[in-house]
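Student: Please show me the structure, and let us then examine the terms used to describe it.
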Amino acid sequence: MDLQTCTETIRTKVGDDSGLNATLKFDCGSDGVVFVDAITTPNTVSNENKDASCTITISLENLAALLTGELNPMNGFMMGKLKVAGDMGVAMRLQTVV
């Protein structure tokens with residue numbers, strides 16, 4: 001799954017009103033970023049590299065696994081496959097979206 005496919009998948013999962021009420025960034029390093037603005041309604045998802053309430057550093061491969069359900073968010077965190085910076089509460093609410 002490439003970055004554009006991940007972006008579209010996240011856009012579909014987030015919908016118009018995810019209830020996250022925060023900004024979130026998936027940072028896939030050199031592969032790019034997926035930025036979720038869930039403060040505004042409708043929520044927006046883009047590949048802009050902006051500051052966010054919570055940043056999840058994750059490889060593109062692991063992001064794809066997270067989106068397809070092959071990687072559980074909590075297990076991924078415990079195994080070091082993703083790192084969370086910023087508001088941990090946003091990351092916890094993310095489980096209801098992905």
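Student: Which residues does asparagine 62 touch, not counting residues up to four places away in sequence?

Tutor: Asparagine 62 touches Leu71 and Lys81, where contact means heavy atoms within 4.5 Å. This is a predicted model, in which local features need pLDDT of at least 70, side-chain atom pairs count only at pLDDT 80 or more, and totals for chains, interfaces and linings use all residues. Residues are numbered from 1 along each chain as its sequence is written, and side-chain values use heavy atoms, with hydrogens and water left out.

Student: Why is asparagine 62 called buried?

Tutor: Buried means under 20% relative accessible area, exposed over 50%, and partly exposed in between (1.4 Å probe, protein chains only). Asparagine 62 has a relative accessible area of 16%, so the residue is buried.

Student: What makes glycine 19 exposed?

Tutor: The relative accessible area of glycine 19 is 51%, and therefore glycine 19 counts as exposed. Glycine 19 is found in the loop between helix H1 (3-14) and strand E1 (23-27); helices (H or I, at least four residues) and strands (E, at least two) are DSSP runs, numbered from the N terminus.

Student: How do the residues of the lining of the largest pocket divide into nonpolar, polar and charged?

Tutor: They comprise 11 nonpolar, one polar and no charged. Ala, Val, Leu, Ile, Met, Phe, Trp, Tyr, Cys and Pro count as nonpolar, Asp, Glu, Lys and Arg as charged, and the others, Gly among them, as polar; Gln95 in the lining is therefore polar.

Notes
1 Å grid on protein atoms, 1.4 Å probe; cavity = no way out; pocket = protein on both sides within 12 Å on 5 of 7 lines; lining within 4 Å.
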